[in-house]
Amino acid sequence: MSDKLKDFVQAHREEFDSFTPRPDLWQDIAAELPAGQTAPQEASAPEAKVFSLNWNTAWRYAAAVALLVTVGLALRYLSVNNAQTSAPLATNGQPVTLEKIAPELRQMETRYVQVIEKKESKLKAMGAEVQFAELDSAYNELKKELYTTPNKEVLLQAMGDNLKMRIALLNQQLEVVENKNSDKKLRAL
């Protein structure tokens with residue numbers, strides 16, 4: 001449609017240019033208008049705020065809102081999951097104890113911990129000390145997983161292996177210290 005108008009204007013350009021308005025035409029039009037109507041209305045009319053929104057801006061706002069909603073939902077999901085995994089609750093609302101989840105854990109810990117404590121005290125008496133920081137952290141992680149895993153036998157086996165490894169390390173350390181002490185005695189003779 002604009003092409004037709006453009007063609008029409010180009011075809012009749014000379015006719016348009018031949019007629020020019022009189023120089024006093026706009027003054028005559030302004031005189032016919034009621035006096036003071038145009039200028040005061042423009043001055044007293046409050047400026048309307050124009051809010052323009054193009055698609056690029058709209059997409060940015062939509063992306064920002066979507067990002068905020070996603071972050072909010074992710075934080076909510078993580079907080080709910082942390083609350084559920086940290087301490088499972090029984091039907092009465094009280095936290096479930098490890099004794100109810102794995103009653104055999106206490107027997108196993110009692111049995112191995114007594115042996116470990118005896119060997120550690122023997123090492124201390126000989127002037128040596130052993131720390132199990134990594135084994136402690138691994139044992140505590142396994143203990144936390146007992147609350148959530150359905151296969152507690154595997155975890156109990158891993159926990160038992162952890163305690164057995166400590167006993168084996170203590171035995172090796174005792175053997176090294178005893179050999180060292182016997183060498184010192186032999187050299188002294």
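What covers the buried residues of helix 7? In this predicted model, the cover includes helix 6 (98-101), helix 8 and helix 9.

Start with helix 7 itself. Helix 7 has 22 residues. From its first C-alpha to its last it reaches 32 Å, close to the 32 Å expected at 1.5 Å a residue. Its buried residues are L105, M108, E109, Y112, I116 and L123. Just after helix 7, G127 takes a positive phi of about 90°.

Next, the core. The largest nonpolar core has 21 residues. L105, L123, L146, L156 and M159 have the most contacts inside this core. Helix 7, helix 8 and helix 9 each supply at least two of the core's residues. Helix 9 gives the largest share, eight residues. In soluble globular proteins, nonpolar side chains tend to be buried together.

| Helix | Residues |
|---|---|
| helix 7 | residues 104-125 |
| helix 8 | residues 133-145 |
| helix 9 | residues 152-188 |

Why does E109 count as buried? Its relative accessibility is 19%, and buried means under 20%, so E109 falls within the class. Leaving out residues up to four places away in sequence, E109 touches Q114, Y139, K143 and L163.

Conventions. Residues are numbered from 1 along each chain as its sequence is written. This is a predicted model: local features need pLDDT of at least 70, side-chain atom pairs count only at pLDDT 80 or more; totals for chains, interfaces and linings use all residues. Side-chain values use heavy atoms; hydrogens and water are left out. Helices (H or I, at least four residues) and strands (E, at least two) are DSSP runs, numbered from the N terminus. Buried means under 20% relative accessible area, exposed over 50%, partly exposed in between (1.4 Å probe, protein chains only). Contact means heavy atoms within 4.5 Å. A nonpolar core is a set of buried Ala, Val, Leu, Ile, Met, Phe, Trp, Tyr and Cys residues joined through side-chain atoms within 4.5 Å. The expected span of a helix is 1.5 Å times one less than its number of residues.
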